Amino acid sequence: VTDIQIELASWNRLLTRDLAISPEIVGFGHKFDFEGRIVIVKLPGANKLPTEPNKGELLTFNGWREVDGKKMPLYYWVHSVDITVSLPSPVTVPRQILNQPPNAYEIVSEGKQEELDRFAKDNEPFTRKAFDLWLRILRWKSNHGSIGRPEVHGHESGWGTCLVTQSSGQRIWIWHDAFRGRCAVPITSEIWQAAEFALVNQQIPPVYIELMFDAIEHIELADYQRALVDMAVACETYLRKIVADSIPAGMSDRITEYIDDANIRNVLTKFVPDLINEEQQKNLKSISSTLHQLFDKRNDILHSGRIEPPTKTECDRYLETTKTLLNLRG
């Protein structure tokens, strides 16, 4: 049996919940270096395009316009993508393995079988890390924080709330909550290219952006206390970054340490206004009162553990303030 040395990669098909794309990027891929390995993420191609609404395996559509009696999708939902990750070093295998279906046990020794299994198993956690980065970049560049988030099921059975008589349990009224469909935010070719630039140049999303997306997710799950903390930390991180970015290179580390240790109230009221333009100052002033309330609530939770449970209305108001702040400098 003749052996050959070949470069291998692992291949996985992974789920992409809440990912919508414009028709022009069907089949597109991203190729980037991640911790010394080559990663390729590939969208389903034209051979997977469905022709009818809500049909298909990897791609589906539920919004379209008709042209000459033909349905033209406005966007596609992507249900999974293919990801390949290169192995760190070449692998020696029998030459005949290239002419056989996968798992050709009859020509691969038990020792080699165990080695190949180990390569595949060891590459899986790395693949998931690379995939997670890809999803985070897409969220960042599309400003759509739900892409790829795990699907969470509540306790609902599908039955509505019934009003019944206490004496006999007879149903006299049935109420169903309004159905909320997914809102598509399609990835366009411009967003795709922006994500590619970030991946190739090994950029990562700013922590304050990811914290805001986490807060949005917790609001969706009715975990309002956690959402409030995430929003406060996102806002504080962003304010400190404005000041940190203004410090000239080569300045004393003690100045940076002082800014890091400064009370966020001083950063908000004394430092930041001098570092932004007049229009930005006006926008900051319009949300300053709400920011102080947000920081107060955060401190109550983290410092004393005592707080009136926040409501969704409060969290929605704090979220609008967070978005305004994080867009302060465009």
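Which helix holds T256? The views below come from a predicted model, and the opening legend gives the answer.

**View 1. T256 sits in helix α5.**
Helix α5 spans residues 253-261, and T256 lies within it. T256 is partly exposed, at 31% relative accessibility. T256 and D3 are 253 residues apart along the chain. Their C-alpha atoms are separated by 58 Å.

**View 2. Helices α4 and α8 run roughly parallel.**
Helix α4 covers residues 224-246. Its axis and that of α8 come within 10 Å and cross at roughly 20°. This angle is under 35 degrees, so α4 counts as roughly parallel to α8. The crossing is left-handed. From α4, the contact draws on Y224, A227, L228, M231, A234, C235, Y238 and L239. From α8 come K312, C315, Y318, L319, T322, L325 and L326. By class, 13 of the contact residues are nonpolar, one is polar and one is charged.

Helix α7 spans residues 278-304, and helix α8 spans residues 312-326. Their axes come within 10 Å. The crossing angle is roughly 125°. The two helices are therefore oblique to each other. α7 and α8 make a left-handed crossing. On the α7 side, the contact is made by L284, I287, T290, L291, Q293, L294 and K297. On the α8 side, E314, R317, Y318, T321, T322, T324 and L325 take part. Six nonpolar, five polar and three charged residues make up this contact of α7 with α8.

**View 3. Helices α4 and α7 pack at about 120°.**
The angle between α4 and α7 is about 120°, and their axes are 9 Å apart. That angle makes α4 oblique to α7. α4 passes α7 in a left-handed crossing. α4 contributes Q225, L228, V229, M231, A232, V233, C235, E236 and L239 to the contact. α7 contributes L291, L294, F295, K297, R298, I301 and L302. The contact of α4 with α7 divides into 12 nonpolar residues, one polar and three charged.

C315 has 0% relative accessibility and counts as buried. C315 is among the α8 residues in contact with α4, and C235 is among the α4 residues of that contact. A disulfide would need the two sulfur atoms within 2.5 Å. The structure as a whole holds zero disulfides. Another cysteine, C162, is partly exposed, at 24% relative accessibility.

**View 4. Q280 is buried in helix α7.**
Q280 is found in α7. Is Q280 buried or exposed? Its relative accessible area is 14%, under the 20% cut-off, so Q280 counts as buried. L328 and R329 are in contact with Q280, leaving aside neighbours within four places in sequence.

**View 5. F213 is a buried residue of helix α3.**
Helix α3 covers residues 207-220 and includes F213. At 4% relative accessibility, F213 is buried. Which residues does F213 touch, not counting those up to four places away in sequence? They are R139, W140, N143, H144, G145 and R149. F213 and F34 are 179 residues apart in sequence. In space, the two are 23 Å apart, C-alpha to C-alpha.

**View 6. E35 has a positive phi in the loop between β3 and β4.**
Most residues other than glycine have a negative phi. Phi of E35 is near 55°, a positive value in a residue other than glycine. The loop that holds E35 is between β3 (29-34) and β4 (37-42).

**View 7. N103 has a positive phi in the loop between β9 and α1.**
Phi of N103 is near 60°, again positive in a residue other than glycine. N103 lies in the loop between β9 (91-94) and α1 (110-142). N103 is exposed, with a relative accessible area of 54%.

Note on methods: Residues are numbered from 1 along each chain as its sequence is written. This is a predicted model: local features need pLDDT of at least 70, side-chain atom pairs count only at pLDDT 80 or more; totals for chains, interfaces and linings use all residues. Side-chain values use heavy atoms; hydrogens and water are left out. Buried means under 20% relative accessible area, exposed over 50%, partly exposed in between (1.4 Å probe, protein chains only). Axes are lines fitted to C-alpha atoms, for helices over the stretch in contact, and angles run from 0 to 180 degrees between N-to-C directions. Helices (H or I, at least four residues) and strands (E, at least two) are DSSP runs, numbered from the N terminus. Angles under 35 degrees count as roughly parallel, over 145 as roughly antiparallel, 65 to 115 as roughly perpendicular and the rest as oblique. A crossing is left-handed if the near helix is turned anticlockwise from the far one by less than a right angle, and right-handed if clockwise. Contact means heavy atoms within 4.5 Å. Ala, Val, Leu, Ile, Met, Phe, Trp, Tyr, Cys and Pro count as nonpolar, Asp, Glu, Lys and Arg as charged, and the others, Gly among them, as polar.
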